[in-house]
Amino acid sequence: YNLHVMMRFDLEIEMLEGRLAVKDLPEAWRERFRADFGFAPPDDRDGCLQDVHWYAGSLGGGFQGYTIGNIMSVQLFDAAVRARPTIPDEIRAGQFAPLHAWLTDNLYRHGRKHAPAVLIEKATGSALATEPYKAYLRRKYAPLYGLPMT
């Protein structure tokens, strides 16, 4: 999904800077998809139109929040597990209350009292960083695809 976000961001920049016209978006999407993934979607429905945000009027910066949220989620989950190592087993058993309690104590109760960067640092003990997310992706996908862990 984050690859989709990056591709969309690049195309948004091109449109906002006047280097890509809206009418040329479907072809630009196909070409970028082909360049990044080695094949192109068969039609616009599975190409640029599969992104509902285009025709919802969202353009210019908000979409990247999905990726930032993904990065934050791993860092927060890792901090919760450090505080309570049994959380993964509890989740497997369908018990979400311990994780919810940690999130309430360390995140939710603060509301908008702190800027996001400050809140992440308070909750996790470190500034927002991509390393935990990249490590998570390696743990998840390296075994599936026979990739090295580093």
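I87 touches F77, A80, V81 and L99, leaving aside residues up to four places away in sequence; contact here means heavy atoms within 4.5 Å. The model is predicted, so to speak of local features requires pLDDT of at least 70, side-chain atom pairs count only at pLDDT 80 or more, and totals for chains, interfaces and linings use all residues. Residues are numbered from 1 along each chain as its sequence is written, and side-chain values use heavy atoms, with hydrogens and water left out.

I87 belongs to the largest nonpolar core. A nonpolar core is a set of buried Ala, Val, Leu, Ile, Met, Phe, Trp, Tyr and Cys residues joined through side-chain atoms within 4.5 Å. Buried means under 20% relative accessible area, exposed over 50%, and partly exposed in between (1.4 Å probe, protein chains only). The core has eleven residues in all, among them L76, W102 and L119. Two or more of its residues come from each of α4, α6 and α7. Helices are DSSP runs (H or I, at least four residues), numbered from the N terminus. A second, separate core has nine residues, including M7, L11, L25 and W29.

Helix α7 spans residues 116-124. Its residues L119, I120, A123 and T124 are buried. Seen down the axis of α7, the buried residues fall within an arc of 110°, so they line one face of the helix. The arc is taken from the directions from the helix axis to the C-beta atoms. A117 and K122 are exposed on the other side of α7. The buried residues of α7 pack against α4 (65-83) and α6 (97-106). G125 follows α7 and has a positive phi, near 90°.

R32 lies in helix α2 (residues 25-37). R32 counts as partly exposed because its relative accessibility is 23%. R32 touches M6, M7 and D10, not counting residues up to four places away in sequence. R32 and L11 are 21 residues apart in sequence and 8.9 Å apart in space, C-alpha to C-alpha.

The largest pocket holds about 510 Å³ of space. A pocket is an open set of points on a 1 Å grid over the protein atoms alone, where a 1.4 Å probe fits, with protein on both sides within 12 Å along at least five of seven lines; lining residues have an atom within 4 Å of a point. Of the 19 lining residues, N2, L3, Y133, L137 and Y141 are the closest to the pocket's centre. Helix α8 (131-145) is one of the elements that supply at least two lining residues. Nine residues, the largest share of the lining, come from α8.

How values were computed:
Points joined across faces, edges and corners; volume = space filled by probe spheres on them.
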